[in-house]
Amino acid sequence: MSNPLTPGIAAGRLSADEIAENFADLHAPLDMHEARVAADRCYFCYDAPCVTACPTEIDIPLFIRQIANGQPESAGRTILNQNILGGMCARVCPTEDLCEGACVREAAEGKPVQIGRLQRHATDSVMARQGHPFDRAPATGKRVAVVGAGPAGLACAHRLAMRGHDVVLYDAKDKPGGLNEFGIAAYKSTDDFAAREVGWLCQIGGIELKPGHALGRDITLDGLKAEFDAVFVGVGLGGVNDLDAPGAERDGVQDAVGFIAALRQADDLAKLPVGRNVVVIGGGMTAVDAAVQSKLLGAENVTIAYRRGKDRMGASEFEQDLATSKGVRIICNAQPVAIHGNGAAAEIELEYTADDGSGLKGTGETLRLPADQVFKAIGQTLTFEGLALDGRKIAVTGAGRTSVEGVWAGGDCTPGDDLTVVAVAEGRDAAEDIHATLMGVAAPETGAVIGEAARA
Amino acid sequence: MADLTTDFVGIKSPNPFWLASAPPTDKEYNVRRAFEAGWGGVVWKTLGAEGPPVVNVNGPRYGAIWGADRRLLGLNNIELITDRPLEVNLEEMARVKSDYPDRALIASIMVPCEESAWKAILPRVMETGADGIELNFGCPHGMAERGMGSAVGQVPEYIEMVTRWCKQYYDRPVIVKLTPNITDIRKPAQAAKNGGADAVSLINTINSITSVNLDTMSPEPSIDGKGSHGGYCGPAVKPIAMNMVAEIARDPETHGLPISGIGGITTWRDAAEFMSLGAGNVQVCTAAMTYGFRIVEEMKAGLSAWMDEKGYASVAEVVGRAVPKVTDWQYLNLNYVTKARISQDDCIKCGRCFAACEDTSHQAIAMSPDRTFTVIDEECVACNLCVDVCPVENCITMEELPKGAVDPRTGKTVGDYANWTTHPNNPAAQAAE
């Protein structure tokens, strides 16, 4: 049995009980009474800022009013109508940057309505019930290939199935869910929620799941175009950026995405090895997820090193606070210059940085930290070819139309914020556009209905 | 999805949610917005006789009661009937009705208690194509001082007389809106029915002073340092309104008379409760004034979801369903015996139940040194006060003693149904059959 002080990378640093406690639900679900008290704080704002701040434009005041009036399942339907992955979004959305950040009570009191937790309360109520709340329209006879069973692909597939199309949903991995399944901190998606949500979503019918099919390896864009009436590409970002520093090839230096995926798929977290001294390079959500989970597995020292200032970190303030509350140290304005060790990594050398207005530069001053495990969380890259690009992502116009006719794209592989909720919105809107194109009808409005028709 | 279509005295609307005659229905702009938002019908703000319209105060018209988090619980107002010319209102009503033929549009009317006044306005209203009229015998402020509004509603003979005129000069449904500022609501309802009314609507607002400014000693809303009583409405008046609706619904003389329920309706549940007590549809005002017209979405979705859950296919199946359960005290079962039960798992040891019972009730809760609260069955009269003051929902519940059990308080065995009319202590008791 090892412990947090065991040198090197080792499994079983904490007892099974300690690990279970560490990886429990980050926010326990609200019970009925708590939900009604929380819902009572909503002002039912006109043209509510929270709705505007939500990429999927969920009618938040309406669903909260439905909770307040004793109908959490109706509330859940209001949410899922707009965002079929409303359950996962309730768990992983950076609400402090989105709906809750926009809440008028955040501005007034610094205490927003707990929209995320209320959304979970409502969606949990719907998902706890047998069956699926949406029906399919009569079959259209059209077939659509959706490549990538992550949030964008799932949202797209569900909306297409709802409109009566038959969908084949491919994924390169052996399990659907994308980053929901492989890439989110375990304490945000407990009890196998990601897999349960996919199963629940597919209950609508008309979605044939084909895992283990990678675009470019097992299937091709041309092949899909020939076989299907339309194609949606939601393949995410399959590659990770490499660290450009001497020693980056040493044992113990690995990408954070792979570590998180292994952690999410581990049957027994006590058997997952983690370093005694862990350093995570990066400043986004992935960096925080890797750092916090390393700490929760029993690493003695965990440090996040980010090359720019705190205000530039991709991780939200809540995530930063979560990390520090778990004992993670965040060092800003420091970039890796070398990883030292005798074979395996033992130390990382960081150089302080400053931005004098002409770009980020090293100051020459360095510090060394013990590091037997170094996680790279410095961004992910598109690994797919065959469509015109916008920068390093797939170029799209309108509701996800790519440079190739009949091919749509959405999610992290297209420009925009790399958030689950953004991917859902893009997948949903692309599905409506595919439907409209295939059927020769106008795409229905997917945004929030605020009722300004009378003024027009 | 349950069918929310409503047929109220022959007036059809896509749902039972109408906006009451009030500020939200004062003009075309608002009413169009209401219909776009999905309201089933609108009772237009009360029209007065032709000629110079009434004037309103130019200071605050509303007073309010709030909960601690500024939730609006009660509102009162001193606004009068429409202060816009009759001709303008009639033109707008005709336009709106022709653009929204599937929605109910009712003209609320208040003119002097003279036959000629009613005879003059009714044909004008007829020309608008409105689906019916509502006689405003309810407003308790301002107009009542001029012999209209609640001044009429408080005299059943006047109600009957005016209703009769309206039935004579107008051939569409006549709804009589009642004032709650009266001792026995059944009398004006009977008068309306005797006058030939197709329906009654209630309640109008209740005479009230919402607050007094203790610095200026002026009641609110204050107009240049003085206040006048206003009409109280909003969630706070709902229990009063529901009782009055039920009284009319179960009175043999008015039973079956269609009722449009009004009074603090804010959610689908409020509407369902009013309808269960006999209201064929409901009218809403304060909730719309507080939250905007969009709240009707929650009301419709909520009512529909609840009806689906209960298996009610149409609104008509809900109307009046609870009326047979409303009875006189004398018929309540005196052999229904319950005892309070405190769930120790849920108890947070605040002691409010103990204070309530020990100080103000029957000393039926024991408190141990470690703050465990238990019910003393020998003392518990089942008053329910502990349940009502307990901050934790379902922590204290009332448990029914089964038939044959002995009530430790009275030492008597729980028997079959028996009420006061046959009780030995009742001097007027009738012999049991």
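Start by selecting helix 4 and helix 9 of chain A in this predicted model: helix 4 passes helix 9 in a left-handed crossing. To set up the view, pick residues 60–68 for helix 4 and residues 115–127 for helix 9. Two packed helices are described by the angle between their axes and the distance between the axes. Here the axes come within 10 Å and cross at roughly 60 degrees, so helix 4 and helix 9 of chain A are oblique to each other.

Now show side chains at this crossing. On helix 4 of chain A, select A:Ile60, A:Phe63, A:Ile64 and A:Ile67. They meet A:Ile115, A:Leu118, A:Gln119, A:His121 and A:Ala122 in helix 9 of chain A.

For the last stop, select the cysteines. How many disulfides does a search of the whole structure find? Over all chains, the count is zero. B:Cys166 counts as buried because its relative accessibility is 0%.

Then move to B:Cys353. Its closest cysteine sulfur belongs to B:Cys350, and the two sulfurs are 6.3 Å apart, too far for a bond, since a disulfide requires them within 2.5 Å. B:Cys353 also counts as buried, at 8% relative accessibility.

Terms used
Residues are numbered from 1 along each chain as its sequence is written. Chains are lettered from A and ligands numbered from 1 in the order in which they are written. This is a predicted model: local features need pLDDT of at least 70, side-chain atom pairs count only at pLDDT 80 or more; totals for chains, interfaces and linings use all residues. Side-chain values use heavy atoms; hydrogens and water are left out. Buried means under 20% relative accessible area, exposed over 50%, partly exposed in between (1.4 Å probe, protein chains only). Axes are lines fitted to C-alpha atoms, for helices over the stretch in contact, and angles run from 0 to 180 degrees between N-to-C directions. Helices (H or I, at least four residues) and strands (E, at least two) are DSSP runs, numbered from the N terminus. Angles under 35 degrees count as roughly parallel, over 145 as roughly antiparallel, 65 to 115 as roughly perpendicular and the rest as oblique. A crossing is left-handed if the near helix is turned anticlockwise from the far one by less than a right angle, and right-handed if clockwise. Contact means heavy atoms within 4.5 Å.
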